[in-house]
Amino acid sequence: MKRIMTLACIATMASAAFAETAPDDVAFTQYGELEQSLSGQPGDPEAGKAIMVARGKGNCIACHQVTALEEFPFHGNVGPSLDGIGSRRSAAELRGIIVNAKMTFEGTIMPAFYRVSDFTRPGDAFTGKAADGPLSPLLTAQEIEDVVAYLQTLQD
Amino acid sequence: MKKMLLTGSAVGIALAMMTAPVFADEDADLLINGEIEITVRTDAPPHMENVDTIYSGWVFRSTETQALEMDDFENPGMIFVDDAIEAWETVEGTEGKSCADCHGDPDGMAGVRATYPKWNEDAEEVRTIAMQVNGCRTEQMGAEAWKYDGGDMLNMEALLASVSRGIPVNVAIDGPAQSMWEKGKEIYYTRFGQLDLSCANCHEDNYGNYIRADHLSQGQINAFPTYRLKNAQLNGVQSRFKGCIRDTRGETFAVGSEEFIALELYVASRGNGLSVEGPSVRN
C-alpha cells in the first residue's frame with residue numbers, strides 16, 4: 001500500500017515537471033529548432049514508424065521516399081528522401097521541422113504538424129466544412145516525439 | 001517542366017518506377033478516333049509567370065487510362081454525350097422550345113466551349129458554360145434551371161465540349177472579365193486549410209511529381225467534364241476544385257459561388273492554347 005502511494009506520487013510529480021507544450025506556446029530558435037521534448041517524454045521509434053506511413057496521421061511518405069519503409073507502398077517525391085536523415089539533422093532540428101517546417105524552410109509546401117492557428121479557411125478535418133471550434137494539431141505532442149525518435153534511427 | 005525535366009529523367013523516373021503504381025507516358029500524343037488532334041502540351045500563355053509549358057492532365061495519366069480517351073467507343077464519357085443529344089432535341093418549358101429549335105445541330109456549337117467562362121454583355125456577368133446553358137433554359141425556354149454540376153448539366157457540358165474537341169482554349173482575361181480574373185488568380189495562390197496549401201503549391205510547383213500514388217498534373221480544366229474511373233461518372237470543374245480544397249483540410253467554396261466562377265475563369269486561362277478535350281477520362 002505504501003509502495004503504491006509513493007509510485008502514484010512520483011507519477012504525479014513527473015507529469016507536472018514535464019508538462020506538455022501547447023502548439024501556440026512552442027518557442028523556436030532562430031534556425032527553427034526545438035530543443036525540448038514537446039511531451040516531456042522520450043519518443044517511441046516503433047510508434048513513430050506507424051505514424052510516418054498512416055494516411056490519417058503523418059503520412060510523411062506521401063511526399064518523402066524512405067528506403068526503410070519500402071514495405072508500405074507508394075512513396076511520393078515532392079520532398080527529399082529521408083534516408084540517413086538521422087545522421088544529418090539533430091533531434092532539435094527534426095522536431096522543429098515537423099512542428100512547423102516553415103520556420104526552417106521559408107514558404108515550404110510541407111504542412112506544420114503542430115500548429116493550430118493562422119490558417120485561411122481551416123476545415124473540419126477532410127469534410128470541406130468550416131472547422132467548428134478550436135483546431136487540433138495534425139499530430140499530438142507525443143506523436144511528434146515518436147516521429148523524431150524514428151527519424152533518428154535513419155542513419156547513413 | 002522545371003522539376004520534372006531536371007530530376008525527372010534520371011532520379012525521378014527511377015523513383016517513380018519503384019514507388020508508383022502505374023507508369024505514365026508523358027511524351028505521348030493524343031489523337032482521338034484517329035482524326036481529332038488534341039494539343040496536350042504547348043507554350044504557356046504570356047500571363048503565366050512561373051511556367052513555360054502547359055500540359056493537359058491526360059499527359060500524366062497511366063498508359064491504360066490514356067488509351068481509353070483515344071477512341072470514343074472506349075471512352076465511357078461519350079455515353080453521356082448521347083444522353084445530351086436527346087436532351088438537346090427535347091422541348092421543355094413554357095415557351096415550347098428545345099435547344100435545337102434555336103441553335104440547330106449541336107455541331108453549330110463548335111468553338112463555343114473554348115471561350116468559356118466569358119463575359120455576357122446583357123447579364124453583365126462572367127458566365128461559365130453551365131451558367132449560359134441555365135440562362136437559356138430559364139430566360140429563353142421558360143424551363144427550370146439544371147442543378148450546377150448535376151447529371152443533366154454535366155451531360156450537356158460533355159456534348160458542348162465534344163463538338164469543340166481539338167479547338168484551342170481561348171478565354172479572354174481582359175476587358176470586363178479582368179477583375180474576376182484577378183480575383184481568381186488571388187484564390188489560386190492562396191494557401192487554404194490546415195495543410196496550408198495553394199493550388200499553385202501542387203499544380204505549379206510540383207506537377208510531374210508524386211504525392212503518395214497520385215501523379216500531379218497542372219490541374220488544367222481544358223478536358224472537363226472528366227469521366228473519372230474512381231467514381232464512374234462525369235465530374236464538373238467546380239466539384240473538382242471543391243475536392244482539392246477539401247483535401248487541404250480547408251473549408252471549400254460552394255459550387256456556383258462567385259469565388260469558384262472567378263477561379264474557373266483564371267484556371268481556364270492557364271490552359272489557353274491547349275485543346276478542348278472533354279469529355280475526358282481520368283483516374
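Colleague: Which residue of chain B forms a salt bridge with Arg115(A)?

Modeller: Asp196(B) does, with the closest N and O atoms 3.6 Å apart. A salt bridge here is a side-chain nitrogen of Lys or Arg within 4 Å of a carboxyl oxygen of Asp or Glu. Keep in mind that this is a predicted model: local features need pLDDT of at least 70, side-chain atom pairs count only at pLDDT 80 or more, and totals for chains, interfaces and linings use all residues. Residues are numbered from 1 along each chain as its sequence is written, chains are lettered from A in the order in which they are written, and side-chain values use heavy atoms, without hydrogens and water.

Colleague: How many salt bridges does the rule find across the interface of chain A and chain B?

Modeller: Three.

Colleague: And what is the side of chain A that touches chain B made of?

Modeller: Its residues divide into 16 nonpolar, 12 polar and six charged. Nonpolar covers Ala, Val, Leu, Ile, Met, Phe, Trp, Tyr, Cys and Pro; charged is Asp, Glu, Lys and Arg; the others, Gly among them, are polar.

Colleague: How many residues does the contact take from each chain?

Modeller: Chain A gives 34 and chain B gives 30, with contact meaning heavy atoms within 4.5 Å.

Colleague: What area do the two chains bury?

Modeller: About 2,900 Å², 54% of it on carbon and sulfur atoms. That is accessible area (1.4 Å probe) lost on putting the two parts together, summed over both.
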